[in-house]
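Here is a short briefing on a structure, grouped by topic. Look over the sequence and model first, then read the points below.

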Amino acid sequence: MKLPIFIADAFTTKAFRGNPAAVCLLENKLDEDLHQKIAKEMNLSETAFIRKLHPNDNFTQKNVHSTLTFVTMSGELKARKEEDGIVLDLPLYPAHPQKLHEVEDLIKTAIGDTLVQDVRYSPDTKKLLVRLSDTYNRSFLESLTVNTENLLQVETTGKVKGLILTLKGEPGGQTQAFDFYSRYFAPWYGVAEDPVTGSAHTVLSSYWSEQLGKKDLHAFQCSNRGGELTISLRSDGRVDIKGGAALVLEGTLTA
């Protein structure tokens with residue numbers, strides 16, 4: 001068996017930045033077990049499998065369809081290509097006020113005595129959003145040491161499956177202006193830190209749109225790889241998240 005496979009860095013236009021993901025092209029349907037084995041071999045946070053809908057379809061020809069639909073554990077994810085990037089069509093999830101004392105041990109374990117301005121919780125995604133004090137800046141968030149190793153021992157109820165740290169953006173000057181910054185951690189799923197993730201921004205978009213009174217947002221995820229996202233909240237309760245992509249590897253998987 002020989003399968004074309006690619007690695008692309010998403011939410012960036014430069015190689016070795018953003019979120020690396022594998023894409024495997026399939027002529028025929030594979031067993032679920034083989035999907036998992038290939039994903040494990042690629043050892044990336046995402047591996048997508050694109051299969052022909054009709055035998056006469058051709059991967060080498062220009063795709064006349066502007067939208068691809070991916071079936072994920074979170075439901076259907078739609079992606080469409082635009083001139084300046086790829087847009088993900090995702091659901092928008094509200095983040096509700098969260099009593100600090102109920103999650104204080106988790107937060108202190110993760111970030112110690114770092115000042116916290118607001119805490120929200122998304123029951124739909126089981127993500128805890130922690131907004132750091134506006135007295136901090138981007139460089140503080142980027143250099144902040146986050147203790148994810150002990151979070152599994154502190155949070156065992158199953159209520160929280162992801163930790164979002166976020167910070168209000170800074171005015172533009174010599175650097176590009178962003179509405180907000182973030183980092184995302186999901187050790188409960190075996191991901192110490194996700195380089196750049198659309199899923200966390202389904203919650204972040206809702207929160208920062210409410211805080212800033214804006215439907216169109218520009219965000220930066222401050223992992224060591226970094227990623228830039230352009231966000232548009234829609235009237236139908238969904239959100240468009242756009243980013244660039246850089247192809248970094250093209251090859252053939254043999255098994």
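**Salt bridges and helix packing**

D179 counts as buried, at 15% relative accessibility (buried is under 20% relative accessible area, exposed over 50%, partly exposed in between, with a 1.4 Å probe and protein chains only). This is a predicted model, in which local features need pLDDT of at least 70 and side-chain atom pairs count only at pLDDT 80 or more, while totals for chains, interfaces and linings use all residues. Residues are numbered from 1 along each chain as its sequence is written, and side-chain values use heavy atoms, with hydrogens and water left out.

**Salt bridges**

- The structure holds 18 salt bridges (a side-chain nitrogen of Lys or Arg within 4 Å of a carboxyl oxygen of Asp or Glu).
- D179 meets K214 in one of them, at 2.7 Å from N to O. The pair links distant parts of the chain, 35 residues apart. K214 lies in the loop between helix 5 (198–212) and strand 13 (216–221). D179 lies in the loop between strand 10 (162–168) and strand 11 (180–186). Helices (H or I, at least four residues) and strands (E, at least two) are DSSP runs, numbered from the N terminus.
- K214 is partly exposed, with a relative accessible area of 34%.
- R238 forms a salt bridge with D89, and the closest N and O atoms are 2.6 Å apart. This pair also joins distant parts of the chain: R238 sits in strand 15 and D89 in strand 6 (residues 85–91), 149 residues apart.
- R238 is partly exposed at 23% relative accessible area, whereas D89 is buried at 11%.
- K242 forms a salt bridge with E82, with the closest N and O atoms 3.7 Å apart. K242 belongs to strand 15 (residues 238–243) and E82 to strand 5 (residues 75–82), 160 residues apart.
- K242 counts as buried at 18% relative accessibility. E82 counts as partly exposed at 28%.
- Shared partners join R80, E82, D84, D89, R234, D236, R238, D240 and K242 into one network of salt bridges.

**Helix 1**

- H35, I38 and M42 are buried in helix 1 (residues 32–42). They lie on the same side of helix 1, because they cover an arc of only 70° around the axis (the arc is that of the directions from the helix axis to the C-beta atoms).
- The face turned away from the buried side of helix 1 carries the exposed residues K37, K40 and E41.
- Strand 1 (2–10), strand 2, strand 3 and strand 16 are among the elements that cover the buried residues of helix 1 (contact means heavy atoms within 4.5 Å).

**Helix 2**

- Helix 2 (residues 100–111) has twelve residues, yet its end C-alpha atoms are only 14 Å apart. A straight helix would reach 16 Å at 1.5 Å a residue (the expected span is 1.5 Å times one less than the number of residues).
- V103, L106, I107, A110 and I111 are buried in helix 2. Their arc around the axis is only 110°, so they sit on the same side of helix 2.
- H101 and D105 are exposed on the other side of helix 2.
- The buried residues of helix 2 pack against strand 8 (116–122), strand 9 (127–132), helix 4 (151–154) and strand 10.

**V160**

- V160 is found in the loop between helix 4 and strand 10. V160 is buried, with a relative accessible area of 1%.
- V160 touches L106, Y121, K126, L128, E155 and W188, not counting residues up to four places away in sequence.
- The C-alpha atoms of V160 and E250 are separated by 37 Å, and the two residues are 90 residues apart along the chain.

- An open sheet of four strands has the order 3-2-1-16, with mixed pairing (two strands pair if DSSP finds at least two bridges between them).
- Strand 3 (46–51) and strand 16 (245–254) are the edge strands, and each pairs on one side only.
- Strand 2 (residues 19–26) and strand 3 run parallel, joined by six bridges. L26 has R51 in strand 3 as its bridge partner.
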